[in-house]
Each structure stands twice: as C-alpha cells, then as structure tokens.
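Reader: Can we go through this one together? I would like to start with the domains and then look at the contact between the chains.

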Amino acid sequence: MAQKGILEYDAKALIAKVWDNYFGTDFKFNFKSVLIDEQNSMKNRLNSNSWLKEQNLVVKPDMLFGSRGKNNLVYFKDREAGDVSLDKAQKWLKDKMGSEITLLDGTKGKLTRFIVEPFIVHDPKKEYYICASAKPECDILYMSSTGGVEIMEEWDKVNSVEIPLDVDITELQKLIYDKVPQNIFNKERFCNFAVGFYLLFKDLHLTYLELNPFVLENEEVFVLDTVAKLDDTAGYLMHETWGEIQYHSPFGQKELSPEELMISEMDERSGASLKLTILNRNGAVWPLIAGGGASVVFADSIVKTYGAEELANYGEYSGNPSQEETYHYAKTVIDLMCRKKDSKGRDKVLLIGGAIANFTDVAKTFNGIIQAFNDMADKLKDTGVRIYVRRGGPNYKTGLRNIRTAAKKLDLSIEVFGPETHLTEIVRLSNEDMKNY
Amino acid sequence: MTSPLFTKDTQAVFWNNNKKAIQRMLDYDFIISRVKPSVAAIVHPTGQSSFQKFFFGNHEILIPVYLTTEEAVKNHPQAEVLINFASYRTAYNVTVDALRFDSIKTITITAEGIPERLTRLLNHKARIAGKIIIGPSTVGAIVPGSFKIGNIGGSVDNIIRSKLRGKGCVGLVTKSGGLFNEMCNVISRRTSGIVEGVAIGGDRYPGSSFAEHLIRMDKYPEVKFHVMLGEVGGTSEYKVIEAVQNSNITKPVIAWCIGTSAQYLSSEVQFGHAGAKANAELEQAYAKNNAMREAGIIVPEKFNLLPKVIKDMYAKVLRKKQSDIAEEVEEEVISPLPEDFNEAFKQGRIRKPTNFVCTISDDRGEEAVYAGVPISRVALPDTGYSIGDIISLLWFRKRYPKWATDFLETVLKTVADHGPAVSGAHNARVTARAGKDVVTSLTTGLLTIGPRFGGAIDGAAKYFKYGLDHNFTPREFIAYMKEKGIPIPGIGHRIKSVKNPDLRVSELKRYARENFYDTKLLDYALKVEEKTTAKKGNLILNVDGTIGVLMVDLWKGLKYKDVEINQYIEGGTLNALFVLGRSIGFIGHILDEKRLNMPMYRHDTGDVLYKVSMAEEIK
C-alpha cells in the first residue's frame, strides 16, 4: 500500500475519462492510444481503432521507465519525422517485442508492452511542460514553455509554485497565474489549463503527474508523453474513477509470481498486514518475520551477515493476523524454500523472527506456523531446513513453548529464543552453525 | 521548562470501543498507581450512549460511551488526548472533527493505509490548529509512570521487564511500533530506561516528526541522551541533523536508520511500512546514517551494535567506568496485576470445569459443523444431503441411509398441517390476530401440543413397544391398557374407520413395507387394531400411532438397542417430529392471518354458556 507508477496508456485513459470535469469544453482531448503486448497484437486492435490505418504513428515502450527518447526507443521516423505507417510500425514492433535491452542507466529488461499513438505534427518550439508532485507540506506545480526530452537540462526555465493543501479555487488561480512562464502568449488560457490539471491531480489522489511535452496551440490539447503515480491507499475512494487499474512491476523486474499475488490479495482482504517479495528463489536464508520494522532489520542483518545473494525474500506479517492467515503465509514461504535443495549442498535457514509485539498474539500466530510445519514437515526435512525462532510479545512464552514442542515432535531442527536474546542474534547464530556444519 | 507529553493526570477520549486496548491502558494505570483512569470516555458511533465495564485493578469501573466525539469532549473537558482507533476509512474524518475542540491537545492515529493526500491535509489542519498528531500507522507513545496510549509497551509483563513503570534517563523515538518495544527492551537492559517514548508511525507522512519530539524531550532535565530509530525513505532524519546543528537538540543522540539492505537488493522492494522506500539517493538508509554520523550523532556500524553504544553512553553520562555498571540481571517478573482469567486459561495455567457439553455441532473452527460435517458440505442440493439427513445428523449424530431419511421427511410432510380448526392452529391464528409476532403466535400454537393434541406419537410408540417387548397378545395388551386406565395412544379417529381408511396411514404403511427391513411393531399394532375395530369401526390405528410404531421399526432396522430406543422415546424425540412438522403449518396459518389483516378475534358470546352464580363465602 503506497505510491505506485501506472502505465502511460492507463494515465491517458484516466485523464480522458475525467477530462470534461476539469477542462470543460475550452479544451479538447482526443484519446487515441492503443496498448500492444504479447497477448494483444496490433492486428487485434485494428478493428476498433481504424485511425491506425489512416494516420502515421508513434510507437514506444510503455513499461514504467523514462528517457525513452534518449534510449532511442521512440519510433516516429523512418526517413523523416512522421513517416511511420502501420506497416512500418508493425515491423518495428515485431523487431522489438520480446527483445532484451539495456537502458542508458544500466537497467536490463525485456520489452513486452508498447503504446501506439498518432504522430502529431506540431511546432517543437511550442512544446510545453507541466508537472504536479506531492510534498509533505504542500503540492508543487512545475510549468515551463520549453518542454521535451531536454527538460532536465533546461530546469532553470521551469517555474514552480507551492500550492497549500487546503487551497481554494481563487487562491489557486492567482498562485498559478503569477507563475505562468513568461513567453507563453495566451497566459490566461495556459493558466486555466494548469488549474484544471492541478485539480485533476489532486482529486484523483495522484502523487505525481507530468505531461512532457504537451501542445496547447489550438482547441485540441496534444499530450505527447505522460508519467503518473497514484496512491493506491486511496483505492477505496477512487474505485469508480480509477476503474480496474493494473499495477506493473518497474522495468527490469519480473511481474508478481502467483505466490506473491496470493499474499497481496490476502493482504487486501485482511485487516492485518501480509507482505511477500521473492528476491532470489535460490537464496539459502528465508526470513519469516513479524512486523514492518523488524522485517527490515532482519533483511539488513541477513544481507550484512550472509550477503545480499543469500536473502531469498522480503516479507512481513503484522497487525495481529488470524491463525488461518499466518498459516497460509507461513506455508507459502516454506513451500517456496522447499521446492529445491540448495545448489551448493548446504542446509537452508528459516528465520522465524520478530520484535516484542505490542498486541499481536504470539501464541495464536505461532499456531498458524505450527500448522504449516505439520503440512510441510517432510519437505522441510528433505530440503535440510534449520529453523531459528526469536520472538516476544503477548503470550510469547506459550508461543515459544508450542513451536519448540511441535518442531521436536516432527523431528525438525529448531532453536528457540525469547526477548532476552537480541533481535537479530539468530541471524549471526544461524551463520555460525552453517559455517561449522 | 517544557511540559511532558503526558502527566499522571492526563486523560484520553478513546475513539472506537477497542476493549482490549482500553483494558491495557487501565491495567497500566493500575500498575503505576494512577488514581484517575487514563481513559475518560469512549466514542462508539455505531453503539448506544451507555457505559462499558472495565477492570481497574481488582474492581470494575464504568466508562461512559458516547456516539460522537463532541458529546464526549463536552462531558469530559479535562481529557486532552484523543486516541483515534478508527479504521483507515474513517480515521481522517474523526481526526479533523476532533481538531475543533480546544480541550484536545494531542491526537494519536492508529490506522494504517489512510490515503496520503488526506494524511497531508489533516497534518496541515493540525498544524494550523496547534495540535500534536502522533501517527498515522502508529502504536502511539508512552510517558513511563504517567500515561500510555493503547497497546504501546505490549503486555504488562513486558512493560515491567522494560522498566516502563517509572522514569529513566533516555528519550526514545522510532517509526516502527514493534521496534519501539524492542528498543525499550534494549535500553532497559543497559540503562535505567526511558523518560518518554514516541513511535511516530510507518507512513510516508507522519503527523509529527522525530525532530519535534526530540527537541521537546531534550528540555527535560531527566533526559540524559536520546535514542532514535529511523528508516529508509523520507527525509525527516535530516531535520534532526538540523536541530543538532542549531543546538535545538543539545544532548547526545544515538541513532540508526534501518533499511541499509535496500541498496543491495536486486529488485526494488516496498518494505512493510508505506514510507519505507527511497525515492532519491538521500532517502537511502546508508546516506542518512552517514549524514547523521558526520553531524556528530552517534551512529553504530550496524543495528546489532546499538546495545553496546547505549551501554557506553549510559556509563558516560553517569560519569562511571563501564565496568562499574553491572549488566542488568533479568529478574523474574511478578505482575502486581490480578491475572486475567481468559489469558491464564489460554496459556494453560488454570483450568475450569465446563458447564455444558455439546456433542452435536461445533462453531469454533473454520466453519461450523453438524456432527463433524461442515455446513457447506450439506447445504446445497448437489451435496446429496436432504432435510432428513440434517435431522439424522443433529438429532441422532449419525447419517441415516436414504430409506430412513426419506421416512423422516415423509413424517414431517404428513404432519405439517391439519387445517385451521385444530386447537393448535386455532390458537396460533387467534394470537396472530391479536397483533403478536410470528414467534409468539407460533409458540402459542406449539404450547397446545400435548397428550390430547398431537402428543400421541410418543405414547403409541411407548405402549405398543411395551406390549410387544413383553410378548402380550393383542388381547392381553388391550386388557393391560384398560387396567392402567389409559386409552391406547394412537388408536381412534374422529371420522375415519375401517371402511373409510385414512389414506395417509395407508401410504405410510405401504412405504414401510416396501423399504423397511422389518415392520414388527406395525404388524403388532395392526393386530391390536383388528381387536379394537371389532368393537368400534373408528378405533383404527391413526396417523400418530402409525408414525410412532414405524419409528420404532425404523430404529430397529438401524440396529439400535432397546435401551437407546426407549431413551429416544422417553426424551420426546417422536413428539419433536410432530412439533417440527406442524411448525410449518402453524407458520403458514400465522402468515395467512398477517396477509389477511383480520381484526382482533373475539369469541361470540352466544357460543358460550354463561352460568355464573354468586360466590359462596366461606367463614
């Protein structure tokens, strides 16, 4: 639950959906974009988008990374700008789809998703820039009459205006009007647009929205590129407006695995918190940690002690989850770690850790973990898993006793510690044991 | 001198009736010998204005419950803290509403997942109103010996072990709530404990910052040094650096930012706290640790070394050699608090005899079960379970074969109704017409069931079985009943006779002959009927009698022992079949009355023979 980047396609679709509420009839926006991925080819899109055949096109990846122009990934010219026909676009797509690339910043990844739009003939000198961003104590609106790929280089020409969080419309109009870039001819018109833009950003619970560049020459507004992030905690308020927005992993990272997806769905349904990110399925150390803070301390400690490559996952459960939820969570982690033996023939380490809980019932959550032990005992033994436990909090004595007894009964290797032992001591201890082994 | 966040007189309005958290606060009050309970009032908008019972030590107290914060504040103007335990959906509105009241100075927000824009807006409004916000997404704050918020500090045992009952010498701020407890534990093992502690919460935009709290705590004379546990993401640690450099914080600060692993991980990870993600290089944990170190803040090499630097600092502020400070020895914690029954029971330390035993169903697990079978496995038609199966599970704790469950259903259908004129239905209808509800009208009808109305099933089963068990010939049986002065239950009908048989009975008999293993008792009863009908044509085995004897035959076919069958009969099982079946009809009559909306029934006086004479006076 936090800030999430959304696709350019989704951002534009969202803007188009609410356009009239913010820009009235003074400005027109013709949403002409299609999304092409491995499932949806250009051919599939032709029927409902006849303009693809009629206009020249621009094609670029839509995968949550920036500087596509600089990375030479915006296809808008064959011999000269704006001569990309459907045929050419399809050829280019065929060439790029599925290809592995390395961006200028070193990120590696596979291209799998593209956005296709009509090529807009316009005067490059009339490319504007506008961007709204959330700061702790205000919002900031950035505006410039020299937008485009070189915006960072020309940042000194960008006007910024701090907008108070409880701003009223009159104040907003004045604040923006005073900062409309100097060489914009129709100041009023730009200001009206910027006001609508900010209100859209604000009402839709976006945390970042950038149009770079956009063209405001005539009645119709052309948005050549856009970047948007939204705050997914507002999902319950924005359900209708946002629609079914899909979140994607940043470029170069794998999409969520079925296990991660299952935990994230469980998290959404639950009042408690359940998180799981698989970092390296071949890692030897698998933390199963309670608490948003403690889980980070454990990740730090494992990386420091074992090296980052051995940390198999990041995850946490907290907020007093039910026994059932803890069971599914623990079983998922244990199942993942028991799929194959360590490639170097070592034992694996399962760290069941946590700080001293404030209100999470340790015995109850541990019963869920014990239930997972019962299901997975054979696999745990086959894989050679050593279990280390450190936990405190309500009912911790019962919890620790139960987990020790259960593991012994199942003949699992286990060591159990309470709050008298330092939080991450079991990381060091497990590492010693592994070395001596 | 700056006043502490809370004192021993601080009272709170607790928003949301979270009984456990409130009880924890009151338990804390008790172990630090507070006079006034720390919770003055509860706001529970979906409840009723009333009182809620809590323990205050050994005895119970009542805490008033209000529907709105306004009412609570009006009635308890001395309460300065609002503990907002609302969900993420309502926490914003509750907080903004509370900002209106002058008497509220501090608001803590527990909810995790409040939209960031709303959090920023409420922080903005709180700044204007001059209130302290702690949270969102926090477990709260504590001033040892004075007052604590909700669940902070954990169980009473942990509070005592972590020296949270009285003032120590350290000011503590963390983001995380779990690590707050952990740090209290670490600090208490190496020092005299904390003076004040705040967990500012794991969100991206906490309402109050590390710096604000540290600057306040810096002014307390008891505070000798500070401990701060920061986190990857956000820039609030830099505000602390600024405060140190501006001498707004003058006492030593020991600090550590967790999340140093973030930069080494192959993929971008959103850690558990919403705020725990770096948007820029300077939000990385290592960058903040370095910056703090450069500013003269004591930053250990790793988290594991925090205990050591805390111990060193404690020795330094006490101007003692480290070796002179004995490592704190773990003492067995003996809670002065009376033990909570439920807790002790859960932990298996005490036992108590149960007052009830239930052998038919269980609602404690994932899903309620009928005699071991989950409801979802019996509910829908495709599960193959009928109403008869459910009766066999819940009444007899067995799953009967289909011929038997079909018979049970046949009985229910057969007895479901017998028109509006029979006394039970009549009573039900009269009650319904008096404007009474379904339950009252139904029970009025059911209360009519007894020896004269519908109650013959039990009797028939009982006496015919007795006769057969004792090898009475039909003649002997009739003589036996006559001797006892009891008309044979299940024999006789108002209209039906040998020549005009009751078709319901004929069908039941046919079904039993075709499907039962044996119909011994039915055959016996029919032999008795031969004798009785010889005397009078309408002394036939009626529907009640048939059902009674056939149920005995059914149980015999299911291999029940005689004692078991007798127990069922004595227990009223057979009448229960009639009660269950006839309830269907009664409810029909009651709903019929409701539909027709007939007026109150008054019996026709012409239908009553009035014969009242003057009461005789006895002297």
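**Domains and chain contact**

Author: In chain B, the centres of domain 1 and domain 3, taken over C-alpha atoms, are separated by 72 Å. The model is predicted, so to speak of local features pLDDT must be at least 70, side-chain atom pairs count only at pLDDT 80 or more, and totals for chains, interfaces and linings use all residues. Residues are numbered from 1 along each chain as its sequence is written, chains are lettered from A and ligands numbered from 1 in the order in which they are written, and side-chain values use heavy atoms, leaving out hydrogens and water.

Reader: Where are the domains of chain B?

Author: Domain 1 covers 12-328, domain 2 covers 361-415 and domain 3 covers 423-596. Those bounds come from an automatic or database domain assignment.

Reader: Now the contact. How many residues does it take from chain A and from chain B?

Author: 60 residues from chain A and 60 residues from chain B, where contact means heavy atoms within 4.5 Å.

Reader: And what area is buried between chain A and chain B?

Author: About 4900 Å², with carbon and sulfur atoms giving 53% of it. Buried area is the accessible area (1.4 Å probe) that two parts lose on being put together, summed over both. A:Tyr236, A:Ile356 and A:Asn358 supply 14% of what chain A buries against chain B, more than any other three residues.

Reader: How many salt bridges are there between chain A and chain B?

Author: The count is 3; each needs a side-chain nitrogen of Lys or Arg within 4 Å of a carboxyl oxygen of Asp or Glu. A:Arg390 and B:Glu182 form a salt bridge through their side chains, at 2.6 Å, N to O.
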